[in-house]
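Let's take a walk through a protein fold together. Keep the sequence and the 3D view handy as you read.

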Amino acid sequence: MKLLLPLAVVALVTALSTSCNNNSAPPPPPLFCDTACLKDTIKFTGDHEKKPSVFITAKDCLPDTVIWSYKGMAADRKTGFTYLLGATVRLNKDKLRCYFKDSDYAWLLFNDCVTGRGFQIKLPYDKGASFSLKSSGINNLDPKFSISDNLVVNTDRGNIYVEDMQTGKKAMMTFGQKLDIDYDALHEYIDSVNVTPERIWVKILVDKKWIEKEKKITLE
């Protein structure tokens, strides 16, 4: 009996400790996509006769450099991937899209595999033009975001913006107020989206309640 009592106490303490640990450490959220080591260069090529292209090289399992060029271009344009974004992301080649506007520019759309955060980069081939970056992208690479393939959609926490990647025409819809959106956890604030050239529809969290907003639009 003297031996059984200490053993029972140890078992009870262990069970309580395990229970407390389980309660205080919820499982991490699922990854947006597979974070397997990125080893190979990712290449996109457009249909224009100049064969515009975008390359993403890899180093140490991460995207390293973005290179964009076309046939006959005097010199390739390129920049460091982390420098471009101001952050380190994990990429999966199945969660990237590239849209070419002739040999004028390319749009590169992708999501970070760890957080699901959407990014959108406009890469002009003219050396005198600067690239543009949107780090609050709402991409149709996310299955809960239904967006026409010719559109790029993003938010600034108070509005949702739409741009036709071919024509540059734009439209927008306001949320009605500023939302405290964390772009690294976008679905906690924007559940789902449906955008076409004629309509914007979103389900968003406002004052701790999920509401739906909709607007007919004209891109101009």
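This is a predicted model: local features need pLDDT of at least 70, side-chain atom pairs count only at pLDDT 80 or more; totals for chains, interfaces and linings use all residues.

**Strands, bridges and rings**

Residues are numbered from 1 along each chain as its sequence is written, and side-chain values use heavy atoms, with hydrogens and water left out.

Back to that bridge. Strand 14 (residues 199-206) and strand 15 pair in the antiparallel sense, over eight bridges. Strands here are DSSP runs of E with at least two residues, helices are runs of H or I with at least four, and both are numbered from the N terminus. Two strands count as paired if DSSP finds at least two bridges between them.

Now zoom out a bit.

Next, hop to an earlier part of the chain. Strand 1 and strand 2 are antiparallel partners with four bridges, and Ile42 stands opposite Ile56 in strand 2. Strand 2 also pairs with strand 3, again in the antiparallel sense, over seven bridges. One of the partners there is Leu62 in strand 3, which bridges to Lys59. The hairpin of strands 2 and 3 has two residues between the strands, and Asp60 takes a positive phi near 55 degrees in this hairpin.

Time for some sulfur. How many disulfides does a search of the whole structure find? There are two, where a disulfide is a pair of cysteine sulfur atoms within 2.5 Å. Cys33 is joined to Cys113, with 1.9 Å from S to S. The torsion about this S-S bond is about -100 degrees, so the disulfide of Cys33 and Cys113 is left-handed. Cys33 lies in the loop between helix 1 (4-24) and strand 1 (42-45), while Cys113 lies in the loop between strand 6 and strand 7 (118-124), so the link ties together parts that are 80 residues apart in sequence.

The other disulfide joins Cys37 to Cys61, with an S to S distance of 2.0 Å. It is left-handed too, with -90 degrees about the S-S bond of Cys37 and Cys61. Cys37 is in the loop between helix 1 and strand 1, and Cys61 is in the loop between strand 2 (53-59) and strand 3 (62-69), so this pair ties together parts that are 24 residues apart in sequence.

Are these cysteines buried or partly exposed? Buried means under 20% relative accessible area, exposed means over 50%, and partly exposed is in between (1.4 Å probe, protein chains only). Cys33 is buried at 9%, and Cys113 is buried at 0%. Cys37, at 34%, is partly exposed, and Cys61 is partly exposed at 28%. Counting bonded cysteines along the chain, the disulfide pattern is 1-4, 2-3.

Now for the rings. The structure has three aromatic pairs; rings of Phe, Tyr and Trp (its six-membered ring) pair if their centres lie within 6.5 Å, and planes under 30 degrees apart count as stacked, over 60 as edge-to-face and the rest as tilted. Phe81 and Phe110 make a tilted pair, 5.5 Å centre to centre with 45 degrees between the planes. This pair links distant parts of the chain, since Phe81 is in helix 2 (residues 81-85) and Phe110 is in strand 6 (residues 105-111), 29 residues apart. Phe81 is buried at 1% relative accessible area, and Phe110 is buried at 0%. Ring pairs link Phe81, Phe110 and Phe119 into a cluster.

Finally, find Gln120 in strand 7, which is buried at 0% relative accessibility. Its side chain reaches the backbone oxygen of Val153 at 2.7 Å.

Definitions and conventions:
A polar contact is a pair of N or O atoms within 3.5 Å; within protein, one must be able to donate a hydrogen and the other to accept it, and residues adjacent in sequence count only if both atoms are side-chain atoms.
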